[in-house]
Amino acid sequence: MAAARTSAPNPDILITSRPLDEYCAMFGLTRALLAALPGPVLDCPGGAAGLAAEARELGCRVIAADPAYALPLPEVADHALAARDSMAAAMAARPHLYPATGRCRSERYLRSWDRARRLFTVDSAAHPQRYVAAALPRLPFADGAFALTLSGYLLFAYPELFGPECQLAALAELVRVTAADGEVRVQPLCDGYGRRCGHLDRLRYALGEHRISSEVRRVPRGDGRTRRVLVLRAADHRRRELGDSRVGNSH
């Protein structure tokens, strides 16, 4: 693995602390699916998530990439704690956008972030090689290095920071580092106020011109509604079905 050259993390991007169960809900995954993967998973951006630590117990190897890892670990943890407070404020102000509504459920949800942050802190200190300081759209990984690539709460969540050209370059890079029979899953497809990306169709067309196939997959949220996940793969190769995780229709 080449050494990463990365800029300092953007202070406007929250360093979140999501646990494994939230990843499964966000991306339409299951623990059994992760355990059965033939290769490693890339989490980009990884933030202060508990995914790498929790997935290891399943026999699944996760590499997390984030420019925040260029900072000393205590600073990353401090940023993650600040992000937790920002999330608490956002949930109180816009409860309809979050699965954990109501005071008790919100507090339980935030406690899951606290646990994930603690897991991250311990795991990244014990296994620093699993946490790579790197930023899209250039990642220090070989072509096809990962069986599954996940990217949450970045490219569409901050449209003021990532314009269409930057999104295209970043998505193409995620596909590059993913195995020919693997998938890239990106979520959410809206910003922090729930506003959908208005140029998604044009972006998908541009991806197609780069020989990247795409679909918008609908994944149950658990509250009777669904969330949309952008699924990408190299168009030149037959895709590998990821268990029974495919939900809904292409759009």
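Which residue in S2 is the bridge partner of Asp43? In this predicted model, in which residues are numbered from 1 along each chain as its sequence is written, the bridge partner of Asp43 in S2 is Ala64.

Helices (H or I, at least four residues) and strands (E, at least two) are DSSP runs, numbered from the N terminus. Strand S1 (residues 41–43) pairs with strand S2 (residues 62–65) in the parallel sense over 3 bridges, two strands being paired if DSSP finds at least two bridges between them. Both strands belong to an open sheet of 7 strands with mixed pairing, arranged in the order S3-S2-S1-S4-S5-S7-S6. The edges of this sheet are formed by S3 and strand S6 (212–220), each of which pairs on one side only.

Two helices lie across strands of the sheet. H6 lies across S1, S4, strand S5 (178–187), S6 and strand S7 (226–234), and runs at about 140° to S5. Helix H7 (residues 200–209) lies across S6 and S7, at about 135° to S6. Axes are lines fitted to C-alpha atoms, for helices over the stretch in contact, and angles run from 0 to 180 degrees between N-to-C directions; contact denotes heavy atoms within 4.5 Å.

The structure holds 14 salt bridges, each defined as a side-chain nitrogen of Lys or Arg within 4 Å of a carboxyl oxygen of Asp or Glu. One of them joins the side chains of Arg176 and Asp143 (2.6 Å, N to O). This pair links distant parts of the chain, 33 residues apart: Arg176 lies in helix H6 (residues 164–176), and Asp143 in the loop between strand S3 (131–132) and strand S4 (146–152). Arg176 is partly exposed at 29% relative accessibility, while Asp143 is exposed, with a relative accessible area of 59%. Buried means under 20% relative accessible area, exposed over 50%, and partly exposed in between (1.4 Å probe, protein chains only).

A further salt bridge is formed by the side chains of Glu183 and Arg185 (3.0 Å, N to O). Glu183 counts as buried at 0% relative accessibility, as does Arg185 at 1%. Glu183 and Arg185 are linked with Glu215, Arg217 and Arg233 in a network of salt bridges. The side chains of Asp191 and Arg195 also meet in a salt bridge (2.7 Å, N to O); Asp191 is buried at 11% relative accessibility, whereas Arg195 is exposed at 53%.

Note on methods. This is a predicted model: local features need pLDDT of at least 70, side-chain atom pairs count only at pLDDT 80 or more; totals for chains, interfaces and linings use all residues. Side-chain values use heavy atoms; hydrogens and water are left out.
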